[in-house]
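The sequence and the structure are shown below.

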Amino acid sequence: SNARIISYVMKTNQIDFDAALALVKAKRSIVYPNTGFREQLNLYSQLKYTVNKESDEYKQFCAKLAIKR
């Protein structure tokens, strides 16, 4: 999926979501991850390309999702 490719580019190049999206779009212009994936990828960048369920950022993200539902 687009989100997986963008996350790979983010991690391998140690760049944020916007920079990774620009790189991927340069190769495939129709790439446009939905809002939910964009939020998750921005969190992934904040967490330095890991998923740490104990981090404050992760907990805040989950709380925000729970409120939306």
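## Largest pocket

In this predicted model, the lining of the largest pocket receives at least two residues from each of α1 (2–13) and α3 (35–46). Helices (H or I, at least four residues) and strands (E, at least two) are DSSP runs, numbered from the N terminus.

The largest pocket holds about 200 Å³ of space. Its lining comprises 13 residues, and those closest to the centre are Ser7, Gln40, Leu41, Tyr44 and Val51. A pocket is an open set of points, on a 1 Å grid over the protein atoms alone, where a 1.4 Å probe fits, with protein on both sides within 12 Å along at least five of seven lines; lining residues have an atom within 4 Å of a point. The volume is the space filled by probe spheres set on the points, which are joined across faces, edges and corners. By class, the lining has 8 nonpolar, 4 polar and 1 charged residues (Ala, Val, Leu, Ile, Met, Phe, Trp, Tyr, Cys and Pro count as nonpolar, Asp, Glu, Lys and Arg as charged, and the others, Gly among them, as polar).

## Aromatic contacts

The whole structure contains 1 aromatic pair. Tyr44 and Tyr49 form an edge-to-face pair, because their ring centres are 5.8 Å apart and their planes stand at 80 degrees (centres within 6.5 Å; planes under 30 degrees apart are stacked, over 60 edge-to-face, the rest tilted). Both Tyr44 and Tyr49 are buried (under 20% relative accessible area; exposed is over 50%, partly exposed in between, with a 1.4 Å probe and protein chains only).

Arg38 places its charged end over the ring of Tyr32, 4.2 Å from the ring centre (NZ of Lys or CZ of Arg within 6 Å of the centre and within 35 degrees of the ring normal).

## Loop residues

Tyr49 belongs to the loop between α3 and α4, has a relative accessible area of 8% and shows a positive phi near 65 degrees. Thr50 is found in the loop between α3 and α4 and is partly exposed, at 40%.

Gln14, in the loop between α1 and α2, has a positive phi near 55 degrees and is exposed, at 53%.

## Confidence and conventions

The mean pLDDT (the predictor's confidence in each residue, from 0 to 100) of the protein chain is 94, and 100% of its residues reach 70 or more. Confidence is lowest in helix α4 (residues 56–68), at a mean of 91, and highest in helix α2 (residues 17–27), at 97.

Local features need pLDDT of at least 70 and side-chain atom pairs 80 or more, while totals for chains, interfaces and linings use all residues. Residues are numbered from 1 along each chain as its sequence is written, and side-chain values use heavy atoms, without hydrogens and water.

Key
Phe/Tyr/Trp six-rings, centres within 6.5 Å; stacked < 30°, edge-to-face > 60°.
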